[in-house]
Amino acid sequence: MKSGLYITIGLLISIFSFAQKGGKYKLWYDKPAKQWVEALPIGNGNIAAMVYGDPYQEKLQLNEGTFWSGGPSRNDNPDAPKVLDSIRYYIFNGNYKRAQILADKGLTAKAVHGSAFQNIGDFMLDMDNLKDIRNYYRELDIEKAIATTTFTSGGINFKREVFASIPDHVIVIKLSSDHKNALNFKAKFNSELKKNVKAIDATTLQMDGISSTLDGIQGQVKFNALAKLMTKGGKTQISKSGISVSNAHEVMILISIATNFTDYKNLNTDEIVKSKKYIEAAAHKNFKTLFQNHLSAYQNYFKRVDLDLGTSEASKNPTDIRIKNFAAGYDPELISLYYQFGRYLLISSSQPGGQPANLQGIWNNSNKPAWDSKYTININTEMNYWPAEKTNLPEMHEPLIQMIKDLSETGRETAKTMYNSRGWVAHHNTDIWRITGVVDFANAGMWPMGGAWLSQHLWEKYLYSGDKNYLRTIYPVLKSAAQFYEDFDAHPPFQIDGNFGCTSGITEMLLQTQNGFIDILPALPETWKSGSISGLKTYGGFEVKVIWENNKAKEITIKSGSGGNCRVRLPNEMQLSGNTKLKKAEGKNPNSFFEIPEIPKPLISGKATLNPVEIKTGLIYDFPTEAGKVYTLRWSDKSSERQSETKSIYNKN
């Protein structure tokens, strides 16, 4: 596993007030970003930016989810059938070095090892007439998905607001001040991969370019970026390298980016027409309308889950100080913030109709990023989507589901060409062109289990929703993946998955479903004495809210999505409200969504030293549910004398 991504950020209050700073859902700093990893990430699943917040030169580093090097390509090694039998022979006879040499030659891709996710470039605002910067403050409000910078210069208060709109397909920037005629700056584009940058008129900038060549595959992805400036007061004029704005009171800037990418096989979309369509539609709306559209769409996802672990004095500090002091102090609200930051990143980098979140989500400032910022499907891609279903973001899962369907098509050819097998296969990496061959070298890349692991996401999504229509669409993909394994004896820097893994891990400390029942507070830390979590989803479509005090569950609310038996493990005695009664659980859970697959007993070396796991006891009950109905359990004063009796049930299930 590779290291996780940590992004730094900043915070605000009211329009030009510099009083109280911070907030439950705000990451903030008292100085601008100097490095890319300190900038604030915004995104709408298709276009994204890192916002630096420099008073003198604001910079937005830009990305578009389909802007990758090369073009449609494959990387199957046709020599594979010639060497497979020999490789197996050497493996079974313990000559692993010889097997690896042969695999490097006959199985690993001859040339194409995957394309790179690339950087569109920068949009910059060079500010004039600023001096003596004071009261500096920047924030990322993840409840509203907006980055804000405020500061004072020459007695004038300035404010910048930036967000990426999901419904309007543009990045929106608003510059304002509390004095008239105070905004003076030059706007410009720049990119290593640009072909042309020009001002179409006195309010519109355009930049176009093309992706780079990699592994001999000519760069074929064209991009078009537009920036439209709309001012209140002042004037705009074309300058040598961009557009100059002088003496304005308020300026709104819209940025639109599009490419010629249609799908992994075709590059026939008109990027200029597409980019122009988005910006012209958005230009008919004012800032208030654009922001309300954005807020409504974003909060439809974000507000489904709330985690409250309490607060402390530490929350008054800038985010970087809170992180530095976390290990030695008490800052429960930082845990809640980090938890929701993972959900924010997933919403911002993975939207229906777009590409899945890659190794860096949708944020990348390099044209040669680490590991090409592609999809590492032997762990990292899966980690990106661990939080999707359980933290109530199933729509964010859709880009990955679609990619798996694509891979089942490209992987069918790989299975046939390299292994003479039915079904489909993928190895440990893929990219936007859905390559499925072996990349890098055999020691890392000769791992034909990518299809199997990704297929678990298809099945898990069904377990959470119970949607039979969805199951019909993915069943052929699951069946085809299984066919491959029936035919072949398989032998085998900035990164975003750490954020998603943390969000998923915190979720499973508070709620689990993989042991045949809904497990309430299975790993609640002693220091999280009181708190609440709401909106979490489980297998079978149940939605759960838990309130706890003094490390005991006080109230549990369960909404049944699909009906059927609800088997729940309680950390302490509780009573179910209404006429429905709790029944002590016995035997197998009759709800098929909670069926536990039989796992063969593992082979364990006699030399291994094992640390036995102590299973936490609890109270396991069943109760019937109807789809759409809500059930509430409340803390009971009854003794827990029978609590230990349930250990056998826990082990059995």
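Which residue in β12 is the bridge partner of Lys 198? The first legend answers this; every view is taken from a predicted model.

View 1. In β12, Gln 206 is the bridge partner of Lys 198. Strand β11 covers residues 194-201 and strand β12 covers residues 204-210. The two strands pair in the antiparallel sense, over six bridges.

**View 2. The seven-strand sheet.** Seven strands build an open sheet in the order β2-β3-β4-β5-β10-β15-β14. The pairing is antiparallel. β2 (40-43) and β14 (235-238) are the edge strands. Each has a single partner strand, so one side of each lacks a neighbour in the sheet. On average, neighbouring strands of this sheet are turned by 20 degrees against each other, direction ignored.

**View 3. Strand β4 and its two partners.** β4 spans residues 57-64. Six of these eight residues are buried, so the strand is largely enclosed by the rest of the structure. Strand β3 (residues 47-51) pairs with β4 in the antiparallel sense over five bridges. Within that pairing, Leu 60 of β4 is the bridge partner of Val 51. The hairpin of β3 and β4 has five residues between the strands. Gly 53 in this hairpin takes a positive phi near 75 degrees. Strand β5 (residues 121-127) also pairs with β4 in the antiparallel sense, here over six bridges. Gln 61 stands opposite Asp 122 of β5. Lys 59 stands opposite Met 124 of β5. In a regular strand, side chains alternate between the two faces of the sheet.

**View 4. Phe 123 in the largest nonpolar core.** This core has 134 residues. Phe 123, Ile 171 and Ile 253 have the most contacts inside it. Helix α6 (residues 332-349) gives the most to the core, with nine residues. Which residues does Phe 123 touch, not counting those up to four places away in sequence? They include Glu 58, Lys 59, Leu 60 and Leu 62. Ile 173, Ala 187, Lys 188, Phe 189 and Leu 205 are also among them. Ala 227, Ile 253 and Ile 255 complete the list. A second, separate core has 18 residues, including Val 83, Ala 103, Leu 107 and Met 446. In soluble globular proteins, nonpolar side chains tend to be buried together.

**View 5. Helix α1 against helix α2.** Helix α1 covers residues 80-92, and helix α2 covers residues 96-106. Their axes come within 8 Å and cross at roughly 170 degrees. Angles over 145 degrees count as roughly antiparallel, and α1 and α2 are therefore roughly antiparallel to each other. α1 passes α2 in a left-handed crossing. From α1, the contact uses Ala 80, Val 83, Ser 86, Ile 87, Tyr 90 and Ile 91. From α2, it uses Tyr 96, Arg 98, Ala 99, Leu 102, Ala 103 and Gly 106.

**View 6. Helix α1 against helix α8.** The axes of α1 and α8 come within 7 Å and cross at roughly 65 degrees. α1 and α8 are therefore roughly perpendicular to each other. Ala 80, Pro 81 and Leu 84 make the contact from α1. Thr 417, Met 418 and Tyr 419 make it from α8.

**View 7. The covered helix α7.** How many of the eleven residues of α7 are buried? Ten are, and the helix (residues 380-390) is mostly covered. Among the buried residues are Asn 380, Met 383, Tyr 385, Pro 387 and Lys 390. Their cover includes α6, β18 (375-376), α8 (398-419), α10 (450-465), α12 (497-510) and β22. Just after α7, Asn 392 takes a positive phi of about 65 degrees.

**View 8. The six-strand sheet.** This open sheet runs in the order β17-β22-β23-β24-β29-β26, with antiparallel pairing. β17 (306-308) and β26 (574-576) are its edge strands, each pairing on one side only. Neighbouring strands here are turned by 15 degrees against each other on average, direction ignored. Strand β22 (residues 531-537) pairs with strand β23 (residues 543-549) over five bridges, in the antiparallel sense. Ser 532 stands opposite Ile 547 of β23.

Technical notes
Residues are numbered from 1 along each chain as its sequence is written. This is a predicted model: local features need pLDDT of at least 70, side-chain atom pairs count only at pLDDT 80 or more; totals for chains, interfaces and linings use all residues. Side-chain values use heavy atoms; hydrogens and water are left out. Buried means under 20% relative accessible area, exposed over 50%, partly exposed in between (1.4 Å probe, protein chains only). Helices (H or I, at least four residues) and strands (E, at least two) are DSSP runs, numbered from the N terminus. Two strands pair if DSSP finds at least two bridges between them. Axes are lines fitted to C-alpha atoms, for helices over the stretch in contact, and angles run from 0 to 180 degrees between N-to-C directions. A nonpolar core is a set of buried Ala, Val, Leu, Ile, Met, Phe, Trp, Tyr and Cys residues joined through side-chain atoms within 4.5 Å. Contact means heavy atoms within 4.5 Å. Angles under 35 degrees count as roughly parallel, over 145 as roughly antiparallel, 65 to 115 as roughly perpendicular and the rest as oblique. A crossing is left-handed if the near helix is turned anticlockwise from the far one by less than a right angle, and right-handed if clockwise.
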